[in-house]
Amino acid sequence: MQYEKKTIGVLTSGGDAPGMNAAVRAVVRAGNVKGHRVVGIRRGYQGLINGDIEEMKLRSVCDIIQRGGTVLYTARCPEFVKEEGQIKGVEMCHKMGIDGLVVIGGDGSYRGARALSNRGIPCIGIPGTIDNDIASTEYTIGFDTAVNTVVESVDRLRDTSQSHDRCSVVEVMGRRAGHIALHAGIACGAIAVLIPEREFNVDVDVIDRMKETLKTGKHHFIVIVAEGVGDSKRICEYIEEKTGIESRLTVLGHVQRGGTPTAKERVYASVMGYRAVELLEQGKGNRVVGVQNNRVVDFDINDALEMTKDIDQYLYKVAYEISI
């Protein structure tokens with residue numbers, strides 16, 4: 001089927017995530033191969049308002065699939081939350097001849113895409129956030145790499161914890177979502193995983209479990225804490241007070257956002273980027289792509305934003321029962 005040639009814009013918005021470059025590359029390559037013009041918008045919605053836009057061709061995205069971060073840069077844009085900013089974005093799309101837009105980011109980015117779609121600029125959202133907290137998809141770009149970064153870091157910490165009979169309390173990213181903490185906790189064999197989605201009692205869920213494990217001959221421990229649960233420093237101090245085991249806090253911070261994306265990351269990002277171009281080519285907008293049961297799917301953006309996502313209860317049970 002032949003489609004009318006379009007100008008497709010692509011931007012990355014919100015926090016950066018490994019794999020975003022793979023998605024950008026897929027959009028550019030798919031668009032070019034299908035005969036469309038593709039333009040890259042730097043620094044998210046702020047760049048759209050400012051007209052920081054240039055055409056991207058096949059060679060524009062050479063050697064970026066393996067790079068972390070985003071070659072289009074990213075920024076948060078409070079101005080775009082307001083009607084005036086959205087109107088400026090629409091006007092710039094008209095000025096640059098942009099017929100449709102691919103937006104790579106999280107829920108906030110999706111809301112911006114919905115605003116543009118409602119004003120006549122078809123947009124397709126691609127889930128890009130290390131937190132894996134977008135409800136319309138089982139997987140978000142950046143999550144797998146972030147978890148692997150945590151696992152690699154904790155494996156290194158385990159060596160020194162074991163050498164000194166210490167407890168390592170590791171704070172990972174996840175202000176409102178504990179997916180990174182839960183997956184990393186299972187992969188690292190943490191004695192406890194504390195996440196914002198589940199109530200916990202440090203005495204019961206950490207201290208008592210450590211004391212029971214001490215009886216079996218284990219003397220070093222890993223505790224994974226999502227940043228959203230509260231004061232990790234105080235939790236670490238409390239563990240030492242109650243157990244007498246030297247405890248050290250490590251805050252991994254933004255190291256989790258960077259690094260070479262995993263193969264899984266690159267594959268899903270590429271397929272979702274390709275699907276986004278297909279949807280725009282078909283004249284569809286106001287939709288988001290995602291992954292369900294290892295298949296790429298798409299939803300109306302309004303429906304996607306209404307969905308909620310909880311921690312996998314079975315994974316949480318596994319993390320608790322096999323870590324003792």
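Reply: Helix α8 lies across β6, β7, β8 and β9 and runs at about 165° to β9 (axes are lines fitted to C-alpha atoms, for helices over the stretch in contact, and angles run from 0 to 180 degrees between N-to-C directions). The model is predicted: local features need pLDDT of at least 70, side-chain atom pairs count only at pLDDT 80 or more, and totals for chains, interfaces and linings use all residues. Residues are numbered from 1 along each chain as its sequence is written, and side-chain values use heavy atoms, leaving out hydrogens and water.

The four strands under α8 form an open sheet with parallel pairing, in the order β7-β8-β6-β9 (helices, H or I with at least four residues, and strands, E with at least two, are DSSP runs numbered from the N terminus; strands pair if DSSP finds at least two bridges between them). Its edges are β7 (192-194) and β9 (247-251), each of which pairs on one side only. On average, neighbouring strands in this sheet are turned by 20° against each other, direction ignored. Three bridges in the parallel sense join β7 to strand β8, residues 221-226. Val193 stands opposite Ile224 of β8. Helix α5 (residues 143-164) also packs on the sheet, where it touches β6 (167-172), β8 and β9, and its direction makes about 160° with that of β6.

Within α8, Ser232 is buried, with a relative accessible area of 2% (buried is under 20%, exposed over 50%, partly exposed in between, with a 1.4 Å probe and protein chains only). Apart from neighbours within four places in sequence, Ser232 is in contact with Glu171, Val225 and Leu249 (contact means heavy atoms within 4.5 Å).

Helix α8 (residues 232-243) also meets helix α7 (residues 202-215): their axes come within 11 Å and cross at roughly 50°. That makes α7 oblique to α8 (under 35 degrees is roughly parallel, over 145 roughly antiparallel, 65 to 115 roughly perpendicular, the rest oblique). From α7, Val202, Asp203, Val206, Ile207, Met210 and Lys211 make the contact, and from α8, Tyr238, Ile239, Lys242 and Thr243. By class, the residues in this contact are six nonpolar, one polar and three charged (Ala, Val, Leu, Ile, Met, Phe, Trp, Tyr, Cys and Pro count as nonpolar, Asp, Glu, Lys and Arg as charged, and the others, Gly among them, as polar).

Next comes helix α6 (residues 179-188), which is mostly covered, with seven of its 10 residues buried. These are His179, Ile180, Ala181, Leu182, Ala184, Gly185 and Cys188. The cover over them includes β6, β7 and β8 from the sheet, along with α5 and α11 (313-321). Just after α6, Gly189 has a positive phi of about 70°.

There is also an open sheet of seven strands with mixed pairing, ordered β3-β2-β1-β4-β5-β10-β11. Here β3 (53-56) and β11 (295-300) are the edge strands, each pairing on one side only. Its twist averages 30° from one strand to the next. Strands β1 (residues 7-12) and β4 (residues 100-105) pair in the parallel sense over five bridges, and Ile8 stands opposite Gly100 of β4. Helix α4 (residues 107-118) lies across β4, β5 (123-127) and β10 (287-292), at about 170° to β5.
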